Amino acid sequence: MGMGPEQITQRAAQVSRLLALRLGAKGAGLEARVAHRARALPRKVRRAALELAQAERLAQSPKQARQLDARALEAAFATCIRYLEPLGADERLRAAALTFGSSVAFIVIVVGGMIFGAMWLLTS
């Protein structure tokens, strides 16, 4: 039993979105984004993404959509997601640490300013 065209399109769109977010891939669709960042992708992931892009094209025809191998497409999707999901985790952690650090620095400056102001008022 084949995967539905809408499922194939959703999976291809998710991989395409992750390529854009994690690797900065540009292009209108999955195939264009894979072509744009082909060198940044491991061969196995690149092949899996291109397999999803081809399945997305073939899924537009109901007759061809029924002939697609759902297991192979699931495996290709899993390969892409397994590689792309963790990318950017370091960047997100770094951004969170920077946000926290800047908040603490702001609080220290404000409290320090208030203490300095209070001391200045009390001594004058």
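T79 lies in helix α5. If we set aside the neighbours within four places in sequence, T79 is in contact with K44, V45 and A48, contact meaning heavy atoms within 4.5 Å.

Before going on, a word about the model. This is a predicted model, where local features need pLDDT of at least 70 and side-chain atom pairs count only at pLDDT 80 or more, while totals for chains, interfaces and linings use all residues. Residues are numbered from 1 along each chain as its sequence is written, and side-chain values use heavy atoms, with hydrogens and water left out.

Now the overall picture. The protein chain has six helices and zero strands, and from the N terminus on, its elements run α-α-α-α-α-α. Helices here are DSSP runs of H or I with at least four residues, strands are runs of E with at least two, and the numbering goes from the N terminus.

What are the spans of the C-alpha trace along its principal axes? They are about 90 × 30 × 25 Å. The radius of gyration of the protein chain is 25 Å, while a compact globule of 124 residues would have one near 14 Å. That radius is taken over C-alpha atoms, and the globule rule is 2.2 Å times the number of residues to the power 0.38.

On burial, 26% of the 124 residues in the protein chain are buried. The accessible surface comes to about 8,700 Å², and carbon and sulfur atoms account for 63% of that. These areas come from the Shrake-Rupley method with a 1.4 Å probe, and for residues only the protein chains shown count as cover. As for contacts between residues at least 6 apart in sequence, 57% of them join residues at least 24 apart.

In soluble globular proteins, nonpolar side chains tend to be buried together. In this model the largest nonpolar core has 27 residues, and the members that touch the most others are V15, L19, L30 and L52. A nonpolar core is a set of buried Ala, Val, Leu, Ile, Met, Phe, Trp, Tyr and Cys residues joined through side-chain atoms within 4.5 Å.

Which elements give two or more residues to this core? They are α1 (5–23), α2 (30–36), α3 (43–58) and α5 (70–84). Of these, α5 gives the most, with seven residues.

Apart from its neighbours within four places in sequence, L52 is in contact with A12, V15, L30, L73, A76, F77 and C80.

Next, charges. Side chains of opposite charge can pair when their charged atoms come close. How many salt bridges are there? The count comes to two, taking a salt bridge as a side-chain nitrogen of Lys or Arg within 4 Å of a carboxyl oxygen of Asp or Glu.

One of them joins the side chains of R11 and E74, at 2.9 Å from N to O. This pair links distant parts of the chain, with R11 in helix α1 and E74 in helix α5, 63 residues apart. R11 counts as buried because its relative accessibility is 19%, whereas E74, with a relative accessible area of 32%, is partly exposed.

In another salt bridge, the side chains of R57 and E31 meet at 2.6 Å, N to O. Here R57 sits in helix α3 and E31 in helix α2, 26 residues apart, so this pair also links distant parts of the chain. F106 is found in helix α6 (residues 89–123), and F106 counts as exposed because its relative accessibility is 57%. A nonpolar surface patch of about 720 Å² is made by F106, I107, V110, V111, M114, I115 and M119. Patches are made of residues with over 30% relative accessible area and no salt bridge, with like charges joined within 9 Å and nonpolar side chains (Val, Leu, Ile, Met, Phe, Trp, Tyr) within 5 Å.

V104 is found in helix α6 and is partly exposed, with a relative accessible area of 37%. From C-alpha to C-alpha, V104 and A28 are 42 Å apart in space, and they are 76 residues apart in sequence. S103 is in helix α6 as well, and S103 counts as partly exposed at 37% relative accessibility. S103 and Q7 are 96 residues apart in sequence and 43 Å apart in space, C-alpha to C-alpha.

Definitions and conventions:
Buried < 20%, exposed > 50% of the residue type's maximum accessible area, 1.4 Å probe, protein only.
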